[in-house]
Amino acid sequence: MGQDVDFPGLAEGVRSRFVDDVNGLRVHVLEAGHSRSGRPLVVLLHGFPELAYSWRKVLAPLADAGFHVVAPDQRGYGRTTGSDVTDLASFRTDNLARDALSLVRALGYDRAHLVGHDFGSVVAGWATLGGEHVISSLTMMSAPFAGAGIPKSSTELDDALRALSPPRRHYQHYFAGTSSAADIYHAPQGIADFLRAYFHMKSADWPGNADAGELPGPTAADLALLPRYYVMDAGVGMPETVAPHLPSPQERADCAWLTDEELNFYAREFGRTEFQGPLNWYRALTLPLTETPTVPRIEVPTQFIAGRCDWGIWQSPGALRTMAEDVCAQFTGTYLVPDAGHWVQQEQPLAVIEQLARFLDEN
């Protein structure tokens, strides 16, 4: 089949469709490898501010490697419908994990390999803890999963950051706030330029990410060493934080990993859906969970992939070590991809595809 014209840059053989009755949702997915039955299922979970489209460079190559590959627009994102942005409890991480497990069943499978990026990594970790009989292997990307005790928005940390000179604020506190969705939707520079600056500032293209590495500790002063997109200036929104780092027209033209056509697809989608659903994921971190995972550790084979120029690996001091040594019983390794920042599967897809295909084939 030919490329879906609604989704620029999709490889031949990737299709868009909807899956009904997924934990109350009608889920939009991009899918490859669906033409042959009996293939192992791989489910790819995106983060913020991403979409199923964020996996566009990975879908067809993994299908060519012998897998049925499905990337959903998750709850509150893209073309998936059925969620209510006023129902904050439905965006708790345990329910997002339930969405992922329900999708596997709705696709007609008993088991699947699960891959999660950014906040999708946390959802994938939770889904594996709560559905160990469903998940065959787990790949987490860019955000280490330190277990079921997800760090909640901490007033104590916020107070400590605000006491610094100059006063600072953690980005999760900002995202969980009541004004952030409107701030971003009504960004003075427009949604497209906001997203371009945000993607750029968290990529390997931004010079401030070249020295990404482990922080000295977990104190407010230590966290303040992170770039402003993680620990912001207090009283300043994310659009204003990233605006000075908007790449030049020539830099945008040279950005092969995210062309203007691809960037504009994100801008159109978020312009249509706005940002409250995605940011509810962060707001819901302040709510108590309704259920706990059925097992204390992840027992399936697990790997971690990230860009070497990604501060996201280190933003929660000790999380990477905890994930590898305590949370994952069969941890096979951490793979840091050169010349990639936070958007590793978009910035360096060939390296990610190679590592994913090898790991999935072995497990």
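Biologist: How many aromatic pairs does the structure hold?

Modeller: There are 22 aromatic pairs in this predicted model. One of them joins Tyr-53 and Phe-265, whose ring centres are 4.3 Å apart with the planes at 45 degrees, so this pair is classed as tilted.

Biologist: Which parts of the chain does the pair of Tyr-53 and Phe-265 link?

Modeller: Tyr-53 belongs to the loop between strand S3 (41-45) and helix H1 (56-64), whereas Phe-265 belongs to helix H11 (residues 260-273). The two residues are 212 residues apart, and the pair thus links distant parts of the chain. Tyr-53 and Phe-265 are both buried.

Biologist: What is the geometry of the pair formed by Trp-206 and Tyr-229?

Modeller: That pair is edge-to-face, with 65 degrees between the planes and 6.0 Å from centre to centre. Trp-206 is found in the loop between helix H7 (191-201) and helix H8 (220-223), and Tyr-229 in the loop between H8 and strand S8 (231-233), so the pair ties together parts 23 residues apart in sequence. Trp-206 and Tyr-229 are both buried.

Biologist: Which residues lie over the rings of Phe-18 and Tyr-53?

Modeller: Arg-26 places its charged end over the ring of Phe-18, at 4.2 Å from the centre of that ring. Over the face of Tyr-53 lies Arg-56, 4.5 Å from the ring centre. Tyr-53 is the residue already described as paired with Phe-265.

Biologist: Is His-46 buried or exposed?

Modeller: His-46 has 0% relative accessibility and therefore counts as buried, the limit being under 20%. His-46 is located in the loop between S3 and H1. Beyond its neighbours within four places in sequence, His-46 has contacts that include Leu-51, Trp-55, Pro-72, Gln-74, Tyr-77 and His-117.

Biologist: Which residues line the largest cavity?

Modeller: The lining consists of 13 residues, and those nearest the centre are Val-27, Pro-72, Gln-74, Asp-99 and Ala-100. Strand S2 (25-32) and helix H2 (93-106) each contribute at least two lining residues, and H2 provides the largest share, 4 residues. By class, the lining comprises 8 nonpolar, 2 polar and 3 charged residues. Pro-72 and Gln-74 are also among the contacts of His-46.

Definitions and conventions
Residues are numbered from 1 along each chain as its sequence is written. This is a predicted model: local features need pLDDT of at least 70, side-chain atom pairs count only at pLDDT 80 or more; totals for chains, interfaces and linings use all residues. Side-chain values use heavy atoms; hydrogens and water are left out. Rings of Phe, Tyr and Trp (its six-membered ring) pair if their centres lie within 6.5 Å; planes under 30 degrees apart count as stacked, over 60 as edge-to-face and the rest as tilted. Buried means under 20% relative accessible area, exposed over 50%, partly exposed in between (1.4 Å probe, protein chains only). A charge sits over a ring if NZ of Lys or CZ of Arg is within 6 Å of the ring centre and within 35 degrees of the ring normal. Contact means heavy atoms within 4.5 Å. On a 1 Å grid over the protein atoms alone, a cavity is a set of points where a 1.4 Å probe fits but cannot get out, and a pocket is an open set with protein on both sides within 12 Å along at least five of seven lines; lining residues have an atom within 4 Å of a point. Ala, Val, Leu, Ile, Met, Phe, Trp, Tyr, Cys and Pro count as nonpolar, Asp, Glu, Lys and Arg as charged, and the others, Gly among them, as polar.
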